[in-house]
Amino acid sequence: MTVFNAEVTPKNEIMQTMKEWLSESLGDAFDIMLPELAEMYLEDGPVLLGEIKSAIAEQDPKALKESSHALKGSSASMGLANLAQHCQVVENCSKTADFATATMKMPQVEAEFNQVISLFQEMV
Amino acid sequence: MPRILLIDDDRIIRKLVENSLTSLGYTVTTAESGAEGLKIVKDVNPDIIVTDKMMPGIDGFEVTRRLRREPKFANTPIIVLTGESDLEDKLGAFEAGADDYLSKPFEQKELAARITALLRRSEALKAAQNQIEENKNKAHIIAVHTLRGGIGSSSIAVNLAMALQNLWNMPTLLADLVMGTGQLALMLNKTLTTSWANLESIPPEELDLPSVAKIISKHPSNLHFIGAPNDPIIAERVSGETINAAISLIRPRYQYIVADLPHNFSNATLELLDIADQIFLVLAPDMASIRAASTALNVYKELGYDPEKIKIVLNNTFEFGAIPTKKIVTALKHGVILELPYAPKQFLNGINRGTTIIESDPEGKISTQFELLAFSNSQETHQSIPPANPSLTWHRVNSHLNLFETPAAKKKQKSRTRLLFSTG
């Protein structure tokens with residue numbers, strides 16, 4: 001059985017990775033745009049996480065693929081590398097309808113997600 | 001400013017891409033689903049489309065497939081953003097008709113670079129297509145020219161035009177620009193009711209299609225014709241600008257225009273020579289004619305005409321004493337595309353009876369020469385594809401040149417093969 005470590009990435013590390021990634025495309029606009037992007041994430045992220053949980057509960061591989069893929073995409077675009085990687089594992093589970101592994105992975109996804117949400121809440 | 005349509009259900013990605021591309025000078029319109037993208041695409045009329053692959057409802061592959069089915073967007077560059085890095089997804093993008101893909105997450109700089117490259121390619125393609133379209137919509141102009149009159153250049157022009165008309169059954173116009181004689185009308189047995197002179201009172205910039213259409217008459221063969229006035233004084237008043245403006249107006253209406261040019265380098269001549277796709281320089285095998293041809297070739301060279309555009313037609317107007325073709329070719333340093341035999345009776349009969357050699361003796365040697373000349377100087381697109389309803393002339397040319405296997409030719413071949421087997 002795969003055991004996932006529920007340790008979360010420190011906020012300063014998340015911020016650093018995010019800044020490196022987004023500065024690449026936003027340049028000087030990073031400081032101005034980050035709160036706006038964070039706000040979008042705060043609105044959309046919890047909805048997607050809720051959809052992932054429902055898909056696992058309902059054992060719906062298609063819904064799990066769509067929701068985990070969407071959260072992975074938003075997270076990766078923001079430079080939230082670790083959270084995107086966790087979502088990728090869940091998305092992979094959807095392909096084989098491996099709900100057991102997806103369920104095992106969820107605490108790690110949620111912990112990292114909450115850490116990100118907490119960081120974003122401090123910004124807006 | 002290039003327009004981009006971005007289709008992605010993730011508004012964070014939309015925001016990031018929009019921000020990045022707008023800062024580079026692109027106009028970005030976003031859609032949050034495949035359905036919305038397809039709904040607004042016509043209004044946006046994008047130069048490039050970027051679509052996410054995985055979206056609820058209509059996904060990026062389906063968006064691409066549907067756009068490719070629409071002629072308007074058949075060639076619009078499309079980039080698919082794939083969330084996965086597996087080969088199947090990438091291949092799927094190309095199978096759907098996309099031009100490129102980009103795996104998420106991607107750096108904005110990479111997307112911008114791919115967009116720039118695709119737009120550059122697309123612009124080049126568009127320019128090439130426009131050129132093809134432009135050429136497709138313009139008549140192929142053949143100017144028949146000589147600096148020495150009386151050597152049959154008008155007969156060559158009228159027979160060539162008739163051969164083109166009969167060969168393709170496509171709109172073909174014969175324009176008589178040898179002002180003051182009205183000779184081609186005579187050769188076509190047409191009463192000169194209208195001519196270039198009817199346009200003389202209209203300033204060139206005010207000419208319109210209806211006024212030019214009024215001076216075009218139709219021969220029973222369907223060949224269209226604009227006559228030259230037979231009064232030299234009236235003819236003087238028709239300017240080169242008027243002729244050029246009129247030809248420009250009617251050029252899109254025809255597939256072929258054969259212009260019989262004045263025997264000089266007047267404004268009217270130069271205007272036509274400039275726009276002609278081919279110049280047939282006519283000469284007879286005598287010293288005066290060769291000198292005149294040499295002068296004409298020098299002027300063409302000075303005017304910067306492509307040597308490929310110039311074709312020499314030799315008309316053997318003498319029974320005896322003609323300068324041999326080889327010597328003419330050496331003197332002019334230019335090959336002869338057509339050498340017409342000494343046939344004064346046929347040419348004279350044509351003029352006197354108002355009928356072309358093509359009509360009076362369609363199976364004769366001279367007609368065949370004109371038909372082959374017409375075919376080999378036709379538009380490449382016409383030469384390369386057999387017509388849907390081939391004319392008798394086309395069949396004759398085809399059997400001479402053995403270019404395409406027609407059902408009739410196949411049948412002939414089959415019966416020949418059968419015969420070979422039965423006798424073998």
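Begin by selecting residues 256-260 of chain B, strand β10: five of its five residues are buried, so the strand is largely enclosed by the rest of the structure. Here a residue is buried if 20 or more other C-beta atoms lie within 10 Å of its own, exposed if 12 or fewer, and partly exposed in between, with C-beta atoms placed from the backbone. Helices (H or I, at least four residues) and strands (E, at least two) are DSSP runs, numbered from the N terminus.

The model is a predicted one, in which local features need pLDDT of at least 70 and side-chain atom pairs count only at pLDDT 80 or more, while totals for chains, interfaces and linings use all residues. Residues are numbered from 1 along each chain as its sequence is written, and chains are lettered from A and ligands numbered from 1 in the order in which they are written.

**Around β10 of chain B**

Display the side chains of β10(B). In a regular strand the side chains alternate between the two faces of the sheet. Y256(B), V258(B) and D260(B) point one way, I257(B) and A259(B) the other way, and all are buried.

Select β6 (residues 140-145) of chain B, which pairs with β10(B) in the parallel sense over five bridges. Within β10(B), D260(B) stands opposite V144(B). Then select β7 (residues 172-176) of chain B, which also pairs with β10(B) in the parallel sense, over five bridges. A259(B) of β10(B) is the bridge partner of A175(B).

T82(B) has S103(B) in β5(B) as its bridge partner.

Contact means that the C-beta atoms of two residues, placed from the backbone, lie within 7 Å.

**The whole of chain B**

Zoom out to chain B, which has 19 helices and 13 strands. Of its 424 residues, 40% count as buried. Among contacts in chain B between residues at least 6 apart in sequence, 71% join residues at least 24 apart.

Select chain A, which holds five helices and zero strands. Buried residues account for 38% of its 124 residues.

Finally, show where the chains meet: 17 residues from chain A and 16 residues from chain B take part in the contact. On the side of chain A that touches chain B, α1 (11-26), α2 (30-57) and α3 (61-78) of chain A each supply at least two residues. The largest share, eight residues, comes from α3(A).

Key:
Pairing = 2+ DSSP bridges.
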